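Subject: Handover of a protein structure

Dear colleague,

Please find below the structure that I am handing over to you. My notes on what was found in it follow directly after.

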Amino acid sequence: MIRTALLGATLALAPLSVAAQQVTLTSETSSVGSSPHYVDTTLAAVLESAGVATVQITEGATLTNSVQAVAEGRLDMAASPLILPFLLSRGIGPFSGVGPEKGAELANNIRVIFFHAGSHQIFGHYNSARIDDIRKLDGLRIWNGPPRGAALTSGRAMIQLLAGLKDGEGYEGVQTPWPDAISTVTGGGVDAWTSPDGLPSGRQIQIAAAGGTTLYDIPSDLLESELGQQIVAAPGHAPFSMPVEKYRAAYAGNDITIVTDDDTFDSYATAFGEIVSAGMDEQLAYDIVTAFLAAQERFETSSPIGPNLALTFGDVDGVSQGACGVVKVKMHPGAIRAYEAAGHKIADCLRP
């Protein structure tokens, strides 16, 4: 893992208060090129320049572990797919070793400071691959996520929806940690891949640099099927739809072909929240979110991925963020205060 103290060398240049100088926060995020990585590293830079905190980030983390670390008070912040607090609260899936009782206790210690939905599920392969029909993936080796966590659950769901196959039953699912995903694909270790990606995705651009690729959305009949709608409505998911020409424009200049069955690119998004522990100082949470809200232009213009992140800079209704249905998470009081101070509304279902 790579430990990075962002902008530490410029600390002396920032007009920090004595209190702010004493604050160093730890954070974990996914690998370079992913939307959570962009959000977290940009947040770290924003907090540094605003004199709120210095953030030490571990990149390429498995977010399942990060969520548990925040819940246990061993980590200050992390990007979290919202399915993870849901699974933790029940002590199931990757948290089965924790158990329901302890899982519920830990999940109750998680608070969200803001939401985003920067990634959506895609299926891709090199143009040289022996794939003529994405509904026929029998016998293939497919990278479908890291060894454990929300991305793997979403990846397996994608292949089951497209081809009716389960991992290990009809196709061989290949899992590696996020930092090894690109090299696994470009090295020829798999026939195809499915992953949650932002737009444009640095990961997909790096993969295409080794040879032309084709990326697919979910065909309309599959997306509208009973299974498709169950997956879209599953904990941690939300609908994703964009005009295909706008989608193609995001990858202009790269050897990436986009295939859809209509004029929109349709899939399911991964709902994320930036999480902290319930015990975070309220004023600190307020200062973090105040700096975040003031930096909207920076988040939206510092990278091509920025405008498509669905970051919550306005009212937070909970439903749009995937947080007030099956998944029930609460916002930190300091974050709520910051949003309201900026004139935004917060849904009652998000209040502790």
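Leaving aside its neighbours within four places in sequence, which residues is V244 in contact with? The partners are I258, T260, D262, D263, T264 and F265, where contact means heavy atoms within 4.5 Å.

Before the other findings, some remarks on the source are in order. This is a predicted model, in which local features need pLDDT of at least 70 and side-chain atom pairs count only at pLDDT 80 or more, whereas totals for chains, interfaces and linings use all residues. Residues are numbered from 1 along each chain as its sequence is written, and side-chain values use heavy atoms, with hydrogens and water left out.

The chain as a whole

The protein chain has 14 helices and 14 strands. These are DSSP runs numbered from the N terminus, with helices (H or I) of at least four residues and strands (E) of at least two. The C-alpha trace spans about 60 × 45 × 35 Å along its principal axes. A compact globule of 352 residues would have a radius of gyration near 20 Å, and the protein chain agrees with this because its own value is 20 Å. The radius is taken over C-alpha atoms, and the globule rule is 2.2 Å times the number of residues to the power 0.38.

Of the 352 residues, 57% count as buried; buried means under 20% relative accessible area, exposed over 50%, and partly exposed in between, with a 1.4 Å probe and protein chains only. Among contacts between residues at least 6 apart in sequence, 76% join residues at least 24 apart.

The cores

The largest nonpolar core has 65 residues. Such a core is a set of buried Ala, Val, Leu, Ile, Met, Phe, Trp, Tyr and Cys residues joined through side-chain atoms within 4.5 Å. The residues with the most contacts inside the largest core are M77, F115, I288, F292, F299, M331 and Y339. Helix 12 (residues 282–294) gives the most to this core, with seven residues. Apart from this core lies another, of 24 residues, among them Y126, A181, Y247 and F265.

F299 has contacts from several parts of the sequence: leaving aside neighbours within four places, its partners are Y38, V39, T42, L43, V46, F292, G306, L311 and F313.

Y126, from the core of 24 residues, is found in strand 5. Why does Y126 count as buried? Y126 counts as buried because its relative accessibility is 14%. Not counting residues up to four places away in sequence, Y126 touches V185, T186, W193, I207, A210, G211, G212 and T213. The C-alpha atoms of Y126 and A163 are separated by 18 Å, and these residues are 37 apart along the chain.

Two covered helices

Helix 3 (residues 63–71) is mostly covered, with eight of its nine residues buried. Among the buried residues of helix 3 are L63, V67 and V70. After helix 3 comes G73, which has a positive phi, near 80 degrees.

Helix 4 (residues 83–90) is also mostly covered, with six of its eight residues buried: I83, L84, P85, F86, L87 and L88. What covers them includes helix 3, strand 4 (77–81), helix 5 (100–107), strand 5 (110–126) and helix 6 (150–163). Helix 4 is followed by G91, whose phi is positive, near 65 degrees.

V244 counts as buried because its relative accessibility is 5%.

L223 lies in helix 9 (residues 220–223) and is buried, with a relative accessible area of 14%. L223 and D266 are 43 residues apart in sequence and 8.0 Å apart in space, C-alpha to C-alpha. D266 is one of the contacts of L223, which also include I218, G228, Q229, V232 and S267.

Backbone details

Most residues other than glycine have a negative phi, and most peptide bonds are trans. A310, although not a glycine, has a positive phi of about 55 degrees; its place is in the loop between helix 13 (296–301) and strand 14 (330–331). A cis peptide bond joins L199 and P200, with omega about -10 degrees. P200 is found in the loop between strand 9 (192–197) and helix 8 (202–208).

Yours sincerely,
A colleague
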